[in-house]
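I opened this model to look up a handful of residues and what lies around them. My entries follow in the order in which I made them.

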Amino acid sequence: MPRSLTQRARRLHRLLVPLAAAPLLLTAASGSLYSLLLEQGIDAFWLLKIHTGRFGPLNLQPYYSILLGLATLVVIVSGVGILVTRPRHAMRER
């Protein structure tokens, strides 16, 4: 893979990771916080709505899990692609 193509792939991966990580972190945090609050006897149902993709007037619930799954797969594939195409001499230096 030409160096410029590798650099573009890394740049694209660095762009995709925060875009995919933000909703994943939001989903994990809202689900965990909801469980913790429920153990304390507090039913924060609004956290469940966020957890499943309902953000006030913006309702992504029908598509949210599919979007999270696709974003995760895209980031994994791009990361593995970068790892596999890394030149051998670069792997020895680390």
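I take helices (H or I, at least four residues) and strands (E, at least two) as DSSP runs, numbered from the N terminus. The model is predicted, so I use local features at pLDDT of at least 70 and side-chain atom pairs at pLDDT 80 or more, while totals for chains, interfaces and linings use all residues. Residues are numbered from 1 along each chain as its sequence is written, and side-chain values use heavy atoms, with hydrogens and water left out.

**Entry: the chain overall**

I counted four helices and two strands in the chain. Read from the N terminus, the order of elements is α-α-β-β-α-α. For burial I use relative accessible area: buried is under 20%, exposed is over 50%, and partly exposed is in between (1.4 Å probe, protein chains only). Of the 94 residues in the chain, 17% are buried. I call it a contact when heavy atoms lie within 4.5 Å. Among the contacts in the chain with a separation of 6 or more, 50% come from residues 24 or more positions apart. Accessible areas are from the Shrake-Rupley method with a 1.4 Å probe, and for residues only the protein chains shown count as cover. The chain exposes about 7,200 Å², of which carbon and sulfur atoms supply 68%.

**Entry: S30 and S32**

I looked at two serines in helix α1. S32 lies in this helix, which spans residues 3-39, and S30 is placed in helix α1 as well. Is S30 buried or exposed? S30 has a relative accessible area of 4%, so it is buried. S32 has 43% and is therefore partly exposed.

For polar contacts I require a pair of N or O atoms within 3.5 Å; within protein, one must be able to donate a hydrogen and the other to accept it, and residues adjacent in sequence count only if both atoms are side-chain atoms. The side chain of S30 reaches the backbone oxygen of L26 at 2.9 Å. A polar contact of 3.4 Å also joins the S30 side chain to that of H51. Leaving out residues up to four places away in sequence, I find S30 touching L47, I50 and H51. L47 came up again for S32: the two are 15 residues apart in sequence, and their C-alpha atoms are 9.5 Å apart in space.

**Entry: D43 and Y34**

I found D43 in the loop between α1 and α2. Its relative accessible area is 52%, so D43 is exposed. Which residues does D43 touch, not counting residues up to four places away in sequence? They are Y34 and L38. With Y34, the D43 side chain makes a side-chain to side-chain polar contact of 3.0 Å.

R10 is found in helix α1, and G79 in helix α3. They are 69 residues apart along the chain, and I read 8.3 Å between their C-alpha atoms. R10 is partly exposed because its relative accessibility is 27%. G79 is also partly exposed, at 24%.

S78 is in helix α3 too. S78 counts as buried because its relative accessibility is 19%. The S78 side chain reaches the backbone oxygen of V75 at 3.0 Å. Not counting residues up to four places away in sequence, S78 touches H13 and L16.

**Entry: V84 and its patch**

V84 sits in helix α3, residues 61-84. At 63% relative accessibility, V84 counts as exposed. I noted that I76, V80, L83 and V84 make a nonpolar surface patch of about 370 Å². Patches take residues with over 30% relative accessible area and no salt bridge; like charges are joined within 9 Å, and nonpolar side chains (Val, Leu, Ile, Met, Phe, Trp, Tyr) within 5 Å. A salt bridge here is a side-chain nitrogen of Lys or Arg within 4 Å of a carboxyl oxygen of Asp or Glu.

**Entry: aromatic rings**

Rings of Phe, Tyr and Trp (its six-membered ring) pair if their centres lie within 6.5 Å; planes under 30 degrees apart are stacked, over 60 edge-to-face, and the rest tilted. By this rule I get one aromatic pair. F55 and Y64 form it, edge-to-face, with 5.7 Å centre to centre and 70 degrees between the planes. F55 is partly exposed at 27% relative accessibility, whereas Y64 is buried at 6%.
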